[in-house]
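This report walks through one protein chain, part by part. Please keep the sequence and the structure in view while reading.

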Amino acid sequence: LGNFGGRAAGMGAPGQNDQITLFCRATGIDSRAEISLRRLPLHLAAEIMVQGPPLGVNASAILIQKIFRAEQLSRSQPTPAASIKPALPGQTPGDPVSAF
């Protein structure tokens with residue numbers, strides 16, 4: 001979990017005095033969950049941290065679940081560049097009828 005397609009850690013190692021470390025120490029997150037959070041792209045890690053502390057008996061397990069959901073959602077959404085299709089020759093850009 002938290003490996004986001006085999007990417008290397010995006011924000012260093014546990015124990016640094018950065019936002020991820022501060023978040024994990026303040027919320028009681030273990031080092032395994034912290035490493036998983038660090039492996040996310042920065043925008044996804046920030047989105048998870050903005051949600052606030054995981055509330056429940058096992059905060060680390062809850063965080064791992066949030067990381068998994070963020071990865072799945074990120075993979076299912078097309079990138080903005082991928083959703084733009086070039087116009088064919090003789091086709092007016094933005095004209096849905098001319099595509100047929």
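## The start of helix 2

At the start of helix 2, Asp 30 places a side-chain oxygen within 3.3 Å of the backbone nitrogen of Arg 32. The model is predicted, and confidence in the chain is highest in helix 2 (residues 31-38), with a mean pLDDT of 95.

The buried residues of helix 2 are Ala 33, Glu 34, Ser 36, Leu 37 and Arg 38. The elements that cover these buried residues include helix 1, helix 3 and helix 4.

## The chain as a whole

The chain holds five helices and zero strands. Read from the N terminus, its elements follow the order α-α-α-α-α. The chain has 100 residues, of which 31% count as buried.

Contacts can also be sorted by how far apart the partners are in sequence. Among contacts between residues at least 6 apart, 61% join residues at least 24 apart.

The mean pLDDT of the chain is 78, and 60% of its residues reach 70 or more. Confidence is lowest in helix 5 (residues 80-83), where the mean is 55.

Over residues 1-9, pLDDT stays under 50. The model has 21 contacts beyond four places in sequence for residues 1-9. Where pLDDT is low, predicted coordinates should not be read in detail.

## Two threonines in helix 1

Thr 27 belongs to helix 1 (residues 19-27). Its relative accessible area is 18%, so Thr 27 counts as buried, the cut-off being under 20%. A polar atom of the Thr 27 side chain lies 2.7 Å from the backbone oxygen of Phe 23. Leaving out residues up to four places away in sequence, Thr 27 touches Pro 53, Pro 54 and Ala 59.

Thr 21 also lies in helix 1. Thr 21 is buried because its relative accessibility is 6%, and the cut-off is under 20%. Thr 21 and Ser 31 are ten residues apart along the chain, and their C-alpha atoms are separated by 9.5 Å.

## Ser 60 in helix 4

Is Ser 60 buried or exposed? Ser 60, in helix 4, has a relative accessibility of 7% and therefore counts as buried.

Which residues does Ser 60 touch, not counting those up to four places away in sequence? They are Gly 28, Ile 29, Asp 30 and Ala 33. Ser 60 and Thr 27 are 33 residues apart in sequence, while their C-alpha atoms are 8.8 Å apart in space.

## The largest pocket

Empty space can be found by rolling a probe the size of a water molecule over the atoms. The largest pocket contains about 150 Å³ of space. Its lining is made up of His 43, Leu 44, Glu 47, Ile 48, Gln 51, Lys 66, Arg 69, Ala 70, Leu 73, Ser 74 and Gln 77.

Helix 3 (42-50) and helix 4 (59-76) each give at least two residues to this lining. Which helix supplies the largest share? Helix 4 does, with five residues. By type, the lining divides into four nonpolar, four polar and three charged residues.

Methods: Residues numbered from 1 in each chain as written. Predicted model: local features only at pLDDT ≥ 70, side-chain atom pairs only at ≥ 80, totals over all residues. Heavy atoms only, no water. pLDDT = per-residue confidence, 0-100. Helix = DSSP H or I, 4+ residues; strand = E, 2+ residues; numbered from the N terminus. Contact = heavy atoms within 4.5 Å. Buried < 20%, exposed > 50% of the residue type's maximum accessible area, 1.4 Å probe, protein only. Polar contact = N/O pair within 3.5 Å; in protein donor to acceptor, adjacent residues only side chain to side chain. 1 Å grid on protein atoms, 1.4 Å probe; cavity = no way out; pocket = protein on both sides within 12 Å on 5 of 7 lines; lining within 4 Å. Points joined across faces, edges and corners; volume = space filled by probe spheres on them. Nonpolar A, V, L, I, M, F, W, Y, C, P; charged D, E, K, R; others polar.
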